[in-house]
Amino acid sequence: MPDLLTHAPDPVDPGEAADAREDERHIKRHVNGKFLIGAAVLTFMILFAIFGPMIAQFDPRISGDNPVLAPPDSTYWMGTTSLGHDVFSQMATGARTSLLIGVIAGLIAVTLSILFGVVAGYVGGVTDEVLTLIIGVMLVIPGLPLTIVISSAVPGRSGLLVAVILGITGWAGAAVVLRSQAQSLRNRDYVAASRIAGENPFRVIGVEVLPNLLPLLTGQFLFGVIFAILGEAGLSYLGLGPTGSISWGTILNDANSGYALQSGAWWWFLPPGIAVALVGMSLALINFAVDEVINPKLRSAPLEARRLRKAKAEKKAIAKADKQAAKDEKKAEAQA
Amino acid sequence: MATLNEQGTKANSGEGTLEFRNVVKEYRVRGAHKKLRAVNDVSFTLEPGKTIALVGESGSGKSTIAKTILQLERPTSGDVLIDGKSVPRRGRALKRYRKDVQMVFQDPFASLNPFHSIGHHLERPIRLHKAVGADQTVDERIAELLTRVNLEPVEEIAGRRPHELSGGQRQRVAIARALAPGSRFLIADEPVSMLDVSIRLGVLNLLARLQREENLGVLYITHDLATARHFSDEIMVMYRGDVVERGPSDEVILNPQHDYTKRLLAAAPDPDRLGQMRDEVRRAL
């Protein structure tokens with residue numbers, strides 16, 4: 001930068017080259033930044049879920065002699081609830097439940113979206129019609145209400161059951177995308193070539209088509225996990241989450257029914273809220289980074305927007321200068 | 001109907017050939033009540049060691065014929081026969097047919113799966129059709145195939161992904177893959193049209209050499225009359241689904257009968273008329 005200031009502005013070429021180089025560096029930093037932040041936060045959360053319960057000093061379910069609604073201190077790192085439960089222990093146990101439900105539900109959703117989307121797109125014909133109909137129905141049924149109906153119909157819900165419920169209500173959107181991708185891949189020459197070689201349809205889908213969908217599937221899995229974690233928190237908050245187990249959603253639910261907000265016990269409802277938000281954010285960031293790898297257009301989009309702004313500003317400046325020049329000219333004429 | 005009656009008598013005479021008999025293929029046009037006739041009553045017979053060139057413009061039905069032969073499309077009427085017998089539609093019998101008839105695609109950048117190594121592309125057809133010689137491993141067979149299409153060093157090439165090869169190298173891999181099952185007939189759908197002009201002749205000569213060595217029957221689909229004449233014994237000219245002219249290569253090229261063939265020949269680049277088109281355009285301006 002100082003170079004640019006001290007030296008007289010060179011003719012266009014070197015400056016532009018430097019610009020391009022900076023753009024390139026910018027792109028790299030951009031991608032890495034998103035991915036790094038996302039991965040760091042996610043790793044922290046996973047480590048917390050693994051080791052948190054080990055370092056927690058109290059049983060999350062037993063209040064014992066704990067003080068009630070104690071603010072965070074050296075003994076109770078995140079304070080206690082209105083019943084005297086240690087919030088840190090609950091958060092640690094809850095992390096396991098929430099993340100596990102998220103991953104299981106994400107896996108179920110991806111599997112279902114492959115089964116419906118890829119098969120519909122690849123096979124085509126009547127199979128496609130039927131599967132697309134099912135996908136369409138699942139797509140227009142609003143997810144959370146359906147989840148609520150199913151959850152309230154089943155007594156004694158385990159964490160696994162909640163994960164299954166979230167999985168089977170959250171796959172339709174991904175299936176639509178996979179279907180159209182599979183339709184495009186079906187017409188590739190290499191798929192025709194493997195059919196001509198005599199491969200059976202299952203192998204063609206599994207070995208020739210699916211690997212090329214892998215980046216897309218990664219994104220969808222991450223999105224599925226976000227959906228499930230948020231969904232679980234929502235269900236638990238409504239009292240429809242896994243019964244008998246502790247998750248971030250159940251902590252929020254307890255905080256709500258324990259009047260945490262009214263009594264100013266911020267340490268009770270903030271940690272689970274922030275944790276859910278952080279996990280969602282980290283997965284979304286990783287998802288964005290993956291998206292940018294799949295679709296390079298996304299990577300250059302912010303850059304293009306900035307270039308456009310720059311060009312517009314320059315145009316404005318030029319127009320202003322022109323106007324000023326015209327004015328000056330008129331003035332000079334008038335004086336003459 | 002007549003073809004059905006003939007089938008019985010012709011069945012014995014077709015040993016060792018791939019016959020395309022009175023094939024009609026119609027596509028339903030979306031939004032219209034008429035049908036598009038992509039292939040109209042086309043017949044020909046591929047024989048071992050012979051090459052037939054199928055020439056025509058885009059949309060003339062060339063690729064539909066290729067797809068029909070390879071059982072990727074079903075003919076509306078008519079029949080594809082191998083060794084005088086109707087080609088099976090499914091199951092193990094169809095797999096045996098696939099061992100005999102293979103294809104080289106037009107675009108070497110699309111016909112190899114970017115996800116798999118070159119070795120994988122050759123290994124699959126070998127394993128599927130158990131096409132290994134006595135006391136030969138699959139890897140040895142892959143090496144043999146790659147050597148035959150002049151891709152060396154073999155180990156290095158086999159481990160590479162398609163994007164690490166040039167267009168010409170990819171097309172050689174595609175040819176090796178088509179030969180891998182030990183096929184007798186080869187459908188080559190414009191095998192050099194996507195390659196650099198400088199390497200086209202190399203790939204064509206490779207195809208010709210392999211054809212001689214294996215006594216392959218080749219259907220060479222192209223819109224380039226020059227290579228068609230260079231490469232094939234017989235030329236069929238297609239225009240809008242019909243075969244409008246057919247005969248020995250030189251006959252068709254030197255003494256064209258149909259208007260469309262004449263137009264095709266006139267459109268081919270000719271060193272004697274260098275610059276003529278430019279002059280025409282300038283005059284029109």
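This is a predicted model: local features need pLDDT of at least 70, side-chain atom pairs count only at pLDDT 80 or more; totals for chains, interfaces and linings use all residues.
Local features were considered at pLDDT of at least 70 and side-chain atom pairs only at pLDDT 80 or more, whereas totals for chains, interfaces and linings use all residues; side-chain values rest on heavy atoms, with hydrogens and water left out. Residues are numbered from 1 along each chain as its sequence is written, and chains are lettered from A, with ligands numbered from 1, in the order in which they are written.

Chain A contains 13 helices and zero strands, where helices (H or I, at least four residues) and strands (E, at least two) are DSSP runs numbered from the N terminus. Of the 336 residues in chain A, 39% are buried; buried denotes under 20% relative accessible area, exposed over 50%, and partly exposed the range in between, with a 1.4 Å probe and protein chains only.

Helix 4 of chain A, spanning residues 125-140, has 16 residues and extends 23 Å from its first C-alpha to its last, close to the 22 Å expected at 1.5 Å a residue, the expected span being 1.5 Å times one less than the number of residues. The buried residues in helix 4 of chain A include A:Asp128, A:Leu131, A:Ile135 and A:Met138. Viewed down the axis of helix 4 of chain A, its buried residues fall within an arc of 95°, so they line one face of the helix; the arc is that of the directions from the helix axis to the C-beta atoms. An α-helix has 3.6 residues a turn, so residues three or four places apart point the same way. On the other side of helix 4 of chain A, A:Val126, A:Glu129, A:Leu133 and A:Val140 are exposed. The buried residues of helix 4 of chain A pack against helix 3 (87-123), helix 6 (159-169) and helix 7 (172-186) of chain A.

The axes of helix 3 and helix 4 of chain A come within 8 Å and cross at roughly 150°, where axes are lines fitted to C-alpha atoms, for helices over the stretch in contact, and angles run from 0 to 180 degrees between N-to-C directions. Helix 3 of chain A is therefore roughly antiparallel to helix 4 of chain A, given that angles under 35 degrees count as roughly parallel, over 145 as roughly antiparallel, 65 to 115 as roughly perpendicular and the rest as oblique. The contact involves A:Leu115, A:Phe116, A:Gly117, A:Val119, A:Ala120, A:Gly121 and A:Val123 of helix 3 of chain A, together with A:Gly125, A:Thr127, A:Asp128, A:Leu131, A:Ile134 and A:Ile135 of helix 4 of chain A. The crossing of these two helices of chain A, helix 3 and helix 4, is left-handed, a term that applies if the near helix is turned anticlockwise from the far one by less than a right angle, with right-handed used if clockwise.

For helix 10 (residues 214-237) and helix 11 (residues 248-257) of chain A, the axes come within 7 Å and cross at roughly 30°; helix 10 and helix 11 of chain A are therefore roughly parallel to each other. The contact is formed by A:Glu232, A:Ala233, A:Ser236 and A:Tyr237 of helix 10 of chain A and by A:Gly249, A:Thr250, A:Leu252, A:Asn253 and A:Asn256 of helix 11 of chain A. Helix 10 of chain A and helix 11 of chain A cross in a right-handed sense.

Within helix 7 of chain A lies A:Leu185, which counts as buried at 4% relative accessibility. Leaving out residues up to four places away in sequence, A:Leu185 touches A:Tyr190, A:Val191, A:Val209, A:Asn212 and A:Leu213. A:Leu185 and A:Asn212 are 27 residues apart in sequence and 8.4 Å apart in space, C-alpha to C-alpha.

In chain B, B:Asp83 has a positive phi of about 55° although it is not a glycine; B:Asp83 lies in the loop between strand 4 (77-82) and strand 5 (85-86) of chain B and is buried, with a relative accessible area of 18%. B:Asn215, likewise not a glycine, has a positive phi of about 55° and is situated in the loop between helix 8 (197-214) and strand 8 (217-222) of chain B, where B:Asn215 is partly exposed at a relative accessible area of 43%. The peptide bond from B:Glu152 to B:Pro153 is cis, with omega near 0°, and B:Pro153 lies in the loop between helix 5 (138-148) and helix 6 (154-159) of chain B.

Notes
Contact means heavy atoms within 4.5 Å.
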